[in-house]
Amino acid sequence: MARLVEVVAQLREHCLWTAALTHESLVEYLVEESYELAEAIETGHTRAEDAEELKGELADVLFQVLLHARIQEERGTFDFDEVARFLTGKLVRRNRHVFRPDGTLQDSFPATVEEIVAGYDAAKAAEKPGRSTPFDGIPRSLPALTLAAKSLDRAARARIAGAEGTDSPATTPPAEAAAPVTEDDIGNLLFDVVRHAVTNGVDAEQALRAAVRRFQRDVTGP
């Protein structure tokens, strides 16, 4: 890692193109590299015999993190070591079902995922006392499907009264779905919804975003 950090610093110093990069100009590359990493995972490059692609995409995402940290180091604010220390502290702090406050391991660990999630959410809430709803902190720029899924997950974890009974189609399973629903079933259903939207001149992305906003408003109040 020390050599990698050094190489990034040397690129910033001696490569005109790299030196011209800013946080703002790097955003498109971070998004692109993240999607390429996701594609490598989705296309099966996680198998031991076919993991070189995954390694390369992980390296590209790491490079983005290092560049952002280096820009801040040049401004005298923080460096990559401080980013690593911050992450270590947050992982210890939020995962108190695994770690004591001093970072040592607990003597025993929860037996259920529900206990883990409850403890994690409590620790996170303690860090963010200013948040008034479970949806605070969800990036509005997320793709609409991801935004919807995260909103439903946050509502369920917060056990918001009325969240389960909302009229949102995202929480209402098809009446004819007697057999277990597969990934293909959901994919085909979503594709049909998009086709229906296109046929009727509706932007499916914006329509879903609006539905998510209504969902968040309905389950938390005005």
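Student: Which element gives the largest share of the lining of the largest cavity?
Tutor: H4 does, with four residues. H4 is a helix running over 52–74 (helices are DSSP runs of H or I, at least four residues, numbered from the N terminus). A cavity here is a set of points on a 1 Å grid over the protein atoms alone where a 1.4 Å probe fits but cannot get out, and lining residues have an atom within 4 Å of a point.

Student: What sort of model is this?
Tutor: It's a predicted model, where local features need pLDDT of at least 70 and side-chain atom pairs count only at pLDDT 80 or more, while totals for chains, interfaces and linings use all residues. Residues are numbered from 1 along each chain as its sequence is written, and side-chain values use heavy atoms, with hydrogens and water left out.

Student: Back to the cavity. How many of 30 Å³ or more does the structure hold?
Tutor: One. The largest cavity has about 40 Å³ of space (the space filled by probe spheres set on the points, with points joined across faces, edges and corners).

Student: And which residues line the largest cavity?
Tutor: Val5, Val8, Leu66, Ala69, Arg70, Glu73 and Phe80. H1 joins H4 in giving two or more residues to that lining. By class, five are nonpolar, none polar and two charged (Ala, Val, Leu, Ile, Met, Phe, Trp, Tyr, Cys and Pro count as nonpolar, Asp, Glu, Lys and Arg as charged, the others, Gly among them, as polar).

Student: What's closest to the centre of the second largest pocket?
Tutor: Of its 17 lining residues, Asp121, Lys124, Arg131, Pro134 and Arg154. The lining splits into six nonpolar, two polar and nine charged residues. H7 gives the most, five residues, and helix H6 (113–127) also supplies at least two.

Student: Asp121 again: which residue does Asp121 form a salt bridge with?
Tutor: Arg157, with the closest N and O atoms 2.5 Å apart (the rule is a side-chain nitrogen of Lys or Arg within 4 Å of a carboxyl oxygen of Asp or Glu). That pair links distant parts of the chain, with Asp121 in H6 and Arg157 in H7, 36 residues apart.

Student: How many salt bridges does the structure hold?
Tutor: 15. Another one pairs Arg93 with Glu127 at 2.8 Å between the closest N and O atoms. Arg93 sits in helix H5 and Glu127 in helix H6, 34 residues apart. There's also Lys55 with Glu52, at 3.1 Å. Those two are three residues apart in H4, so about one helical turn separates them.

Student: Last topic: which residues make up the largest nonpolar core?
Tutor: Phe135, Ile138, Leu142, Leu147, Ala148, Ala155, Ile160, Val212, Phe215 and Val219. A core is a set of buried Ala, Val, Leu, Ile, Met, Phe, Trp, Tyr and Cys residues joined through side-chain atoms within 4.5 Å. Helices H7 (144–158) and H9 (204–220) each supply at least two residues of this core. A second, separate core of eight residues includes Val8, Leu26, Ile71 and Phe80.

Key
Buried < 20%, exposed > 50% of the residue type's maximum accessible area, 1.4 Å probe, protein only. 1 Å grid on protein atoms, 1.4 Å probe; cavity = no way out; pocket = protein on both sides within 12 Å on 5 of 7 lines; lining within 4 Å.
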